[in-house]
Amino acid sequence: MSIRIHKESCIGCGRCIEACPGNLIGLMEGKAKILIPEDCWGCTSCLKECPVGAVAYYLGADMGGRGAVMSIEKEKEIYHWKIHMPKGEIKVISVNRKNANQY
Amino acid sequence: MGDVKLVTKTIRTDVLIIGGGTAGCYAAIRLGEASVGRILLVEKANIRRSGCLAAGVNALNAYISKGHVPRDYVEYARTDGEGIVREDLLLTMSERLNHVTEDLEKRGLVILKDEKGEYVTRGWRNVKINGENIKPLLAEGVEAQKKVEVLNHVNITDLKTKEVDGEKRVIGAVGFSVREPYVYEIQAEAVLMATGGAAGLYRPNNPGFSRHKMWYSPFNTGAGFAMGFEAGAEMTTFENRFVALRCKDTIAPTGTIAQGVGAKQVNARGEVYETTYGITTPQRIYGTVEENRKGNGPCYLDTKGITKTAEEDLLKAYLNMAPAQTLKWIESGKGPSDEGVEIEGTEPYVVGGHTASGFWVDTNRMTTIPGLFAAGDVAGGSPQKYVTGALAEGEIAAESIVRYLREKGRKKVAADFFSQEKAYARHFAAEDSGYTWQDLEEAMQKVMDEYAGGIATDYRYNESRLALAKEKIRGLQELIREAPAGDMFDLLHIYEVRERLTVCRILIEHLLARKETRWHIFGENADHPKKSEEFEIYVNSRLEKGKIQILRRPLVKGESYEHQDP
């Protein structure tokens, strides 16, 4: 599991670079890029910090990944987790950050 | 190899905090409020999202609910730790669990409450929260303190000590920026070690592309253990390793499913086996390992048939703490209501917030080196700390540092130049030996897995295997000294492997010294498969003249402990 950063949508603001607990993201020609994809912990800090939803999270094939990617769209207290399935379908799970886990 | 010109920067501060995770941030807040002069918090990433809470946390697992007292928590931890715990440390921590929980809520943490405004508990010591933003909340608390300065993206590698009035005490630490060619030499009157525990010692569950998808933060390398040990500090109970029971592949938590929706552990035949082996964490893993050994695997948490509402709640709960699991459920097209969740035990970790490994400290959380304190996952003797226990220890250490500085007075130690630059520069000057830090890390994990009781041997080891592990780890320690670096990022990784190798070396000695099996799974000693009364002691260690000395210390009873010569 790791992340990919979309070159087209990245605005080069550097917030993900600042946030990554593994110092794993660098800036290349004005765009953020993950330096060692295998060393990502999957903590999603970069997804939460990105103001334009340019970071996508995916599972490695060794973890059962089959092509889906996940990103976050922020709306005030709500995180809309968008899962893009390989055939184009998009599933959305919205989590209100003001709600505690039920379990 | 790399064309890097290092520049040294010298900083003087009153208190240096190494590591800006849970304990380090909280200590910084409390020290900032106490007016003890300048406080410098150094973190190798950024305190907003660093350490083991980078991803958030699903619950606060240490809280004293109504009808219970701190002593109950001490007894719970003592039973779970098979007696090898420190009563003084557990009690002083437990007394603060509720007050730090309330403080977290004031800082903005969402905690589930009932209609009367009381916290909703899961069991008697667990409160339900939304812990996704716990780290940014702590970081904001630190940033609000005017006397606290934060140095992000700087990796501390060595402590500096000096004889002052006939006693060796800590006088500072050295490190480097992970981005720019700067070396930092920091002089301090007191140092708090808060670097967390050690992950990545053993070959992980996912050894390939997803090698960092592990339970504990892969960026927690045991740096504090290594630095303290090299400086001569005493360590305790490393042999009490921690292994977690997790969802297979995603290494996501299982407690949320087991306790949240009441799913039972079943084998491939659908037989419930948790009733046979018991339901403490090691028993749950032991049962799973045994069922697999008998050929009854794979093992599952039986969630099949849970309601669609429960399934939706689980999908959301995992997004707040382990999003890979939610993605896996959606991507496979099969949610927890359709099929059980496969489970497995992780590779072993050394982590003082869960088991009792770490620095040997007195009740004030001072280590055996005067002026050096330890809190959180790096401090030993006090298991089951979790988040709130780490906060409590950060607070205790902060108060002790304030007292220490007042009582000791501030003697200005001669401003020695630490001359660390050369040690780092040798890696840039090193010829390409053919072995990268990645090769050496992989080799270390293989050795530990096969010879020191990893997943490959169902956590079993014996003296013959440990002797081989010792020899091979020593060989790797020599190679890492010559590892070539092209830039500061390489240097960071070389030092991380170096720290892990030191932790492995200490761990092997501890595994050899405890000639019994006290904690199933956490340590399966094949030469001594039973518990022995002779080992109702702490196994401690320290470096003396380049050699590891093992010390057997009697159990500490009572509410206070001061350091004593062995």
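Which residue of chain A forms a salt bridge with B:Glu132? The partner is A:Lys48, and the closest N and O atoms of the pair are 3.5 Å apart. A salt bridge here is a side-chain nitrogen of Lys or Arg within 4 Å of a carboxyl oxygen of Asp or Glu. Between chain B and chain A the count is six salt bridges.

This is a predicted model, in which local features need pLDDT of at least 70 and side-chain atom pairs count only at pLDDT 80 or more, while totals for chains, interfaces and linings use all residues. Residues are numbered from 1 along each chain as its sequence is written, chains are lettered from A and ligands numbered from 1 in the order in which they are written, and side-chain values use heavy atoms, with hydrogens and water left out.

The interface draws 60 residues from chain B and 51 residues from chain A, contact meaning heavy atoms within 4.5 Å. About 4800 Å² is buried between the two chains, and carbon and sulfur atoms give 59% of this; buried area is the accessible area (1.4 Å probe) that two parts lose on being put together, summed over both. On the chain B side, B:Phe209, B:Leu327 and B:Glu331 lose the most area to chain A, together 15% of what that side buries.

Chain B also contains an open sheet of four strands in the order β1-β10-β9-β8, with mixed pairing. Strands are DSSP runs (E, at least two residues), numbered from the N terminus, and two of them pair if DSSP finds at least two bridges between them. The edges are β1 (7–12) and β8 (154–164) of chain B, each pairing on one side only. β1(B) runs parallel to β10 (residues 182–187) of chain B, over six bridges. Within this pairing, B:Thr10 has B:Glu185 in β10(B) as its bridge partner.

Strand β5 (residues 69–75) of chain A pairs with β6 (residues 78–84) of chain A in the antiparallel sense over seven bridges, and A:Ser71 stands opposite A:Lys82 in β6(A). Two residues lie between β5(A) and β6(A) in their hairpin, where A:Lys76 in the turn has a positive phi of about 50°. β6(A) is in turn joined by seven bridges to the antiparallel strand β7 (residues 90–96) of chain A; here A:His80 stands opposite A:Ser94 in β7(A). The hairpin of β6(A) and β7(A) has five residues between the strands, and A:Gly88 takes a positive phi near 105°.
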